[in-house]
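User: I would like to learn how to read the fold of a chain and a contact between chains. Please take me through an example.

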Amino acid sequence: MSVRDRGRAVLERLVGASATERILISTAALVLSILVGAVLVLIAGRMTTCTANEAVYYFGTGFCYDPIVVFDRLFLGALGDPFSGGWSPDGQFSVTLRETTLLLFTGLSVALAFRAGIFNIGTQGQMVVGALATALGVLWVSPLVSGVVGTVLLVPFGIVVGAVFGGLYGAIPGLLKAYADANEVITTIMLNFIATGVALYLVSGAFKDPESAANQTVPLPEYAQFPTVLFGGRQDFSLIALAFGILAIGGLYYLLEHTAFGYDVRTSGIQPDAAEYGGVDAARTIVASLTLSGALGGIAGAMYVMMVLGTFQTGFPDYGFDGITVSILAGNNPLGVGIAALLFGVLKSGTTVVQFATDVPPQLVGVLRGLIILFVAMPEFFRLIGKRVTDAGSKPVATDGGRPGGEDDE
Amino acid sequence: MSETSIDSASRSDDGFFERYSSRALIAAVTVSAIAALLVGGWLFPDSIVGTFADVVTSRNTLSSALRLSVPIAFAALGGIFSEKSGVINIGLEGLLIISAFTAIYVTDVTGGVWVGFGGGVLASVLLALLFAVVTIEFRADQIIAGLAVWLIALGLAPFASQVIYGGPNTPTVPTPGSITVPVLADIPFFGALFSASPSVYLLFLAVGLSWYVFERTTFGRWIRASGENPKALDTAGVSVTRVRYAAVLLSGVLSGMGGAALSLDLGQFTGNGPTMVNGKGFIAIVAYLFGNYNPIGAFLSTLLFAGLDAMQTVLQLQGIGVPRQLIRITPFVVVIVVLALVGRTRIPEAAGEHYESGEE
Amino acid sequence: MDTAVHLDGITKRFPGVVANDNVDFAVERGTVHALLGENGAGKTTLMNVLYGLYDPTSGRVLVDGAERSFESPRDAIDAGIGMIHQHFMLVDPMTVTENITLGNEPEKWGGLAVDRAAARDTVVDLSERYGFDVDPDARIEDVSVGEQQRVEILKALYRGADILILDEPTAVLTPQEVEELFEVLEELTAQGKTIIFITHKLGEAMRAADDITVLRDGRNVGTVDAAETTREDLAELMVGREVILDVEKSPAETGDVVASASEIVVEDERGVRAVDGVSFEVRAGEVFGIAGVDGNGQSELTEAVTGLELPDSGRIEFLGDDVTETSRRSRIDAGMSYIPEDRQDRGLVMDFDLVENGLLGSQHTPEFGPNGRIDWNHSREHAEAIIDEYDVRPPNADATSESLSGGNQQKFIVGREFDRDPELVVAAHPTRGVDVGSIEFIHERLLELRAQGVAVLLISSKLEEVQGLSDRLAVMYEGEFMDVVDPATTTEEQLGLLMAGEHPDERATGSEESPQPERNAASGGEHA
């Protein structure tokens, strides 16, 4: 057996296997997006101007941006340059973990809804509502306590407030879908706009910090924010928050795979008619999963306020939309969300490094986000490529596949 | 037996009584509210009602409603073509964004507004082509792929603007101006119809043509069949794939016209946050759902949404004390309320499903 | 006489399956030729080869004596072949004319518009020529199934078809409409058209065809002259052995009423009464059967009883409680088992393995999901027990239900529902698409449950099945029970009349409720 043959056999097995296939497709999608991104960087490098010294040359043409530098900065930079000595946990690496933590929650939020067959594009809005509620709630009660006791009480309180309000905001499209048959894709998108608008109204008016030029609330007291452990706190990252995120992964996995509610959710997600037959209350499952999904989004918002910003400010970053990418990349599997969140955390954190080291605009990651979703959405494309590679040179052999049942019933 | 907008299609709906009544209800409430407003305003010209009535009957309101309708209605027409053929195109927003930016860029480079307009349309068509290949050829989930189209454009346009102009907003370019029909433009209120940007006239043309295509041409029938029962079309010897490609590309053309008109009429592309498109592509989806996939219905419901938007602008100018931020979200709230009342619309039978011809 | 179609040594292989094995098949011009065989015998595959939907693995297709190779249906259409599929290829919201001309619309103004007047005229001419009664302006969704079928035939004729293939054309028709169809076929052959008629019903092949070719396991096992053969001969050809469908059954020992329905009305989406005031009761230890042609309200009635659909009026009682509006889950918990009509949509989650599928409906019971936490070990044992007891193949609890054959899927569902320790079993078409061996097995199990005092509500369109198993038998027609009879003392002919909406004894008097048998054959359109 030649190396090539063996390689083909491995690939063939991989193309057949479903879980492995998922991982393979996600990886391929990621790689492909980065390649397209590289081309984009090159093109952008032609459209901008720079001196001849700054330019790099590929294929005999000069470009102002070097994709290799860009992706080197994007990945290695995000990890805090582990290979160049002087690595420290509270460098860029902790920014990466911070982003990962937030993406864990938004990713889980989208994944849970997806498993119930619901496309929650509203995680963004649920996060904004949760964040605002957390900020206002914590500000409201923070004068009552202080110090370490304050932290121990206020941080969990803030998370609960974020979860409750995010959950309630998630329940709205759930109720609309369950009882008015309104398409959740549209309603959640609309609710995103509404959340942003209302938040802007509140923090530019009634709850505005009079001492700040920005539209934001009064800053939270220090003791009402996530304490930093191990990591030096400079990068607004708390290991406790990450640990909580990992706990959430385990929790969601257990919920989906080992509880009757999870069984209901999964059944109605893939085959609503069978779920109905099996006694699943469709309306209740929809509302419950969207509420839970919204709660996870709300927690992400609470984390952002209490760990990163220390206040609520308008112009909230797109963690909700990134969560869609994370979830899709992870095949909506909670365990996969962990890995995908880390990957995407690297991308997000690396963006700032890239911006610093080169002039490539940070919106590049936004494009990559769209491309990844696009590529993951077309497994057929990768199957075709996989087939083409495995078929090359091999004669078609009679496959004994056993025909799936039912088709010849009529 | 020709299809006329709302009532004919609802005949076939499941549980149409309910739906028919909610559609009728919304229409009736709108009409009577306006009537009450006008009567009230005529009786008490100095009250707040009077001010409102003035705003509603103001030529400016109609004029800005038309202007605001342009991107939404174009995108809605595009969405109708795509979805009627069986491909749900949720990426209209992305098509609007990419064409809005490209139109400004090309205008800036070439100096020709109409060249820029064409450039915007071309960009949108290319993105629609990508969407078509991915959904039709590679059987991607239409919703996810549409979302990807939106997110790609949402990243790409500000990215390009940043690269080229050093910021998410472009500099301003010349606008196409407006076309004024003499005499007719002086008619009170309706005069606004005859003194408008060329894109408004283009829109009228597009609405009429779209209606004609669906009701009178072979191609229109094939699109309908492709969305309702692709197998019927396939066995009749027409390629479903080709019809769907054509329909999705048309949605690219129409959305591109909408996006290009949006930015060119203002002479600038702004790419902060959700960009200047700011959800218009999604409102377009609701507009054509509410208009029951009829081009004229979609246009009228767009006018409803845009009218609301226009009123808030005019009200702001008059200094009526409703916070700007809250007024801005009214269209989104209205969309949700409308969707909740109308509920499930009768979408084409095969929409969202991939179609594979023959064996294998 | 000349040969219109000749299929010469056709073999068609799918991965793992030989659907057609060296089949020879010849049809004389101007005749009706029935292609007879059981489900899965390869009839439809063979015709799809002729129609250009499939490429044969080997063999030749000859039309009018010339060898042809069809890349697509378009080629077949061009060669004068038309196919009327079992599931109509019609666009519901479009009109009859629009459907008939689809893909070949007459145009005017250089292709800028459809010439609607010309299209309508052509359709009217065509239907007059063959004596069809269709309204060219009606929408497909508003006309009866029989009329939809005539539209399909007109569609083929409009495209110039000389050879018409009809795939199981009677499956969805009422007996009355079947008669109308046969008259249409006679008219068509009289005008020189050739008809290939795919069916699994012996009687219809005998009644309508000139020649009959029987397929079994993908092979041609004989072509006979319809006038010179007998039902027994054909049955033997089809099945390969003599089938005894007589079920040994002890007399019923009935107990209390387990479930009852009174004056049930269920309206469909269009507001038409699919079930129109049906009442019955099922007692412990008896099989209450509901017979009828598919689509006469049985599905809606079943869903109302099992809690999947809310009846518009009426009352359903189960074990003495009013359950008319209670949830599906509460009915499952109270001991109602249900073998659904559509096993792949309802009965199984296709992507789940058998362990997970064995849980469907029991996930909240204390046995499998105590405190909301699922006991996967117990679920696995449960699934393996079903697999073992009901001989589900392959015997692998980790296999997805999608990978199972239709018959094995059904056996798994039957096992799951019977093992639930039910008070009432609602069995809708429990043996549809199941092989003969499994049919007998399922029937035996059903009667065992009956002997144990379980109440059984059996819905089936197989007359032998409902007649053989039921203790009392209702016949449903257009949403109503025509009658409830003793199946042991009622003849098949009497049941057939009831299924067609006629009371055997009222036939002479012509009661007002029953449709007039001598009604003009062509006047469809009243069917709900």
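Analyst: In chain C, 67% of the contacts with a separation of 6 or more join residues 24 or more positions apart. The model is predicted: local features need pLDDT of at least 70 and side-chain atom pairs pLDDT 80 or more, while totals for chains, interfaces and linings use all residues. Residues are numbered from 1 along each chain as its sequence is written, and chains are lettered from A and ligands numbered from 1 in the order in which they are written.

User: What radius of gyration does chain C have, and why does it agree with a compact globule?

Analyst: The radius is taken over C-alpha atoms, and the globule rule is 2.2 Å times the number of residues to the power 0.38. Chain C has 25 Å, which agrees because a compact globule of 528 residues would have a radius near 24 Å. Its C-alpha atoms fill a box of roughly 70 × 55 × 55 Å along the principal axes.

User: Which domains does chain C have?

Analyst: Domain bounds come from an automatic or database domain assignment. For chain C this gives domain 1 (3-239), domain 2 (247-335 + 423-528) and domain 3 (342-421). The centres of domain 1 and domain 2 of chain C, taken over C-alpha atoms, are 33 Å apart.

User: How many residues does the contact take from chain A and from chain B?

Analyst: Chain A gives 40 residues and chain B gives 39 residues.

Key:
Contact = placed C-beta atoms within 7 Å.
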